[in-house]
Amino acid sequence: MLIGPRHDEAALALIDPGADLGEPDPDAELTGARMLLEHLPDDVTVLTPSTDVSLEGLGAKLRELRELRERGEGSAVIACHTAEQVASPLKGGIVLRPATDDDGDPEAAARVLTAGMLFGEPGRFPMPRQVSMLCCDSGDLGRTVSGEWLVLGTAMLWAGSDRLVVTSYPTVDGAEGQDRDSIIDRLTTTKAQVVDLGLRI
């Protein structure tokens, strides 16, 4: 249930948000990540593939959870796509809604919570104390290994997380050679902290 002895309340889950709002893309669907929806506690704020959340809406939800974070509690699990192959690390981020096919419509562009937004307005997007990002290249390793620190992971820390897991691939969907059900079991085991579990995957 994503709980643990210190950070014993899961606060937020972003599970492939907005993916069902446009034309379906079988190549981009995170079927493994969606399986996590069946294991989340009832009191968790969940953004699902059918959720159309704006940046303002996400910020408001995060600010509602601020009291939980200030008590030193609260976790978030983020299993979705990230904006990759962008010109600047500050443009990388969490995809809240994929791009649609409506060319010329500003709303057709992908909706992304970028590293730049988290660095620039951490109070607008206050993160829970403990975050596990099971996303493709949420660690932005291509840049961090060459000394770049203005990346998504650092931005999450800047916005309030103090325990963070980032990954180089979508953990549930892209774990080649591993049993997907076993990974989900480890992510949802009672009294196991989501970040500690992420570190062991």
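Guide: Let us start with a definition: buried means under 20% relative accessible area, exposed means over 50%, and partly exposed lies in between, with a 1.4 Å probe and protein chains only. The model is predicted, so local features need pLDDT of at least 70 and side-chain atom pairs count only at pLDDT 80 or more, while totals for chains, interfaces and linings use all residues. Residues are numbered from 1 along each chain as its sequence is written, and side-chain values use heavy atoms, leaving out hydrogens and water.

Visitor: What makes the contact of Asp-20 with Arg-34 a salt bridge?

Guide: A salt bridge is a side-chain nitrogen of Lys or Arg within 4 Å of a carboxyl oxygen of Asp or Glu. The N to O distance between the side chains of Asp-20 and Arg-34 is 2.9 Å, so the pair meets the definition. Asp-20 lies in the loop between β1 and α1 and Arg-34 in helix α1, so the bridge ties together parts that are 14 residues apart in sequence. Helices (H or I, at least four residues) and strands (E, at least two) are DSSP runs, numbered from the N terminus.

Visitor: Why is Asp-20 called partly exposed?

Guide: Asp-20 has a relative accessible area of 44%, which falls between the two limits.

Visitor: How do you know that Glu-56 and Arg-124 form a salt bridge?

Guide: Their side chains meet at 3.4 Å, N to O, and the limit is 4 Å. This pair links distant parts of the chain, with Glu-56 in helix α2 and Arg-124 in the loop between α4 (115-120) and β7 (130-133), 68 residues apart. Arg-124 is partly exposed, at 24% relative accessible area.

Visitor: How do you know what Ser-54 is in contact with?

Guide: Contact means heavy atoms within 4.5 Å. Leaving aside neighbours within four places in sequence, Ser-54 is in contact with Leu-96 and Arg-111. Ser-54 is placed in the loop between β2 (45-47) and α2. The C-alpha atoms of Ser-54 and Arg-111 are separated by 7.6 Å, although these residues are 57 residues apart along the chain.

Visitor: Why are β4 and β6 said to stand at the edges of their sheet?

Guide: The open sheet of three strands has the order β4-β5-β6, with antiparallel pairing. β4 (82-83) and β6 (111-114) each have a single partner strand, so one side of each is left without a neighbour in the sheet. Two strands pair if DSSP finds at least two bridges between them.
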